[in-house]
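Colleague: I'm new to this one. Could you walk me through how to read it?

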Amino acid sequence: MELKIFQIDAFANRPFEGNPAAVCPLQEWLSDQMMQSIAEENNLSETAFFVPQDGGFHIRWFTPSAEVDLCGHATLATAFVLYELLGYRKKQIAFHSRSGLLTVVKREHRYVLDFPAQPPSICTIPDEILQAFKTPPRECFKAEDYLVVFESESAITSAHPDLEILKKLALRGLIITAPSQRYDFVARFFAPKYGIPEDPVTGSAFTQLAPYWAKKLGKNELKAKQLSKRGGEVGCQLKDDRVLISGGAVKFMEGTLTLEEI
């Protein structure tokens, strides 16, 4: 069996920026084991698979070690593949997923993802987070991930958490964030127990970050930067119980998978 596969840099304006994701178009699902094996072989933070469904597509995302419920950058990468490489012509793409209906529209050279908001709730700082950082965060919240707030952008840039300790966290991962002078806020994301020590740009994290910072700053339109080594700029708009997340994308590679079903 031969399948097309693409590698796309999402939340990027040029190659080697943003977050790379693999995208594999399918006409019907492979076995879960096969998709997991492909994701492990790709060794990227996410591999997206999609099949046609109900006038749109059903999308699934796999890290090198597990399937996840929501992924922003691989959804953006999939939309880029459909619009730019597979000739999709409708104004909006509808993706059915574990997290419900997700939509993407193209606006000039950017792609706008419409995702469900995940407003985080304040919580006690877990011991694992206190142990993983030399300087404790100011406060802690939780939704799909833990979200901890530090005083300054420099604290985010200089943070070197103990990833082995973070593997013990109960939730998917950890977002660290702080206010910024150039942007409304900056952030980084760690999910070591899912095989992602640090994710370059994490679209789904902004479904939690946007509600927090919109309330904190008193504004619904936000500009952010994820301060990973590759880095990426992300636009956010809080709209009722949804978050519009926008960014660019570029193709890095395309090829063909040759494999046998397992």
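**Cavity, helix, core and loops**

Modeller: Let's start inside: α2, β13 (185-191) and β14 (196-199) each give at least two residues to the lining of the largest cavity. Helices (H or I, at least four residues) and strands (E, at least two) are DSSP runs, numbered from the N terminus. Keep in mind that this is a predicted model, where local features need pLDDT of at least 70, side-chain atom pairs count only at pLDDT 80 or more, and totals for chains, interfaces and linings use all residues. Residues are numbered from 1 along each chain as its sequence is written, and side-chain values use heavy atoms, with hydrogens and water left out.

Colleague: Which residues lie nearest the centre of the largest cavity?

Modeller: First the general idea. Rolling a probe the size of a water molecule over the atoms shows where empty space is left. A cavity is a set of points, on a 1 Å grid over the protein atoms alone, where a 1.4 Å probe fits but cannot get out; lining residues have an atom within 4 Å of a point. Here 16 residues line the largest cavity, and E46, R172, F189, I196 and T202 lie nearest its centre.

Colleague: And how much of α2 is buried?

Modeller: Buried means under 20% relative accessible area, exposed over 50%, partly exposed in between (1.4 Å probe, protein chains only). In α2, 12 of the 14 residues are buried, among them G72, H73, F80 and Y83. Just after α2, G87 has a positive phi of about 75°.

Colleague: Which residues touch the most other members in the largest nonpolar core?

Modeller: A nonpolar core is a set of buried Ala, Val, Leu, Ile, Met, Phe, Trp, Tyr and Cys residues joined through side-chain atoms within 4.5 Å. Of the 56 residues in the largest one, W61 and L209 touch the most other members. α2 gives the largest share of this core, 8 residues. There's also a second, separate core of 19 residues, including F150 and A178.

Colleague: What is the phi of F16, and what is the phi of N43?

Modeller: Most residues other than glycine have a negative phi, and most peptide bonds are trans. F16 has a positive value near 75°, and N43 has one near 55°. F16 sits in the loop between β1 (2-10) and β2 (19-25), while N43 is in the loop between α1 (32-42) and β3 (47-53).

Colleague: Is F16 buried or exposed?

Modeller: F16 has a relative accessible area of 59%, so it counts as exposed. N43, at 58%, is exposed too.

How values were computed. On a 1 Å grid over the protein atoms alone, a cavity is a set of points where a 1.4 Å probe fits but cannot get out, and a pocket is an open set with protein on both sides within 12 Å along at least five of seven lines; lining residues have an atom within 4 Å of a point.
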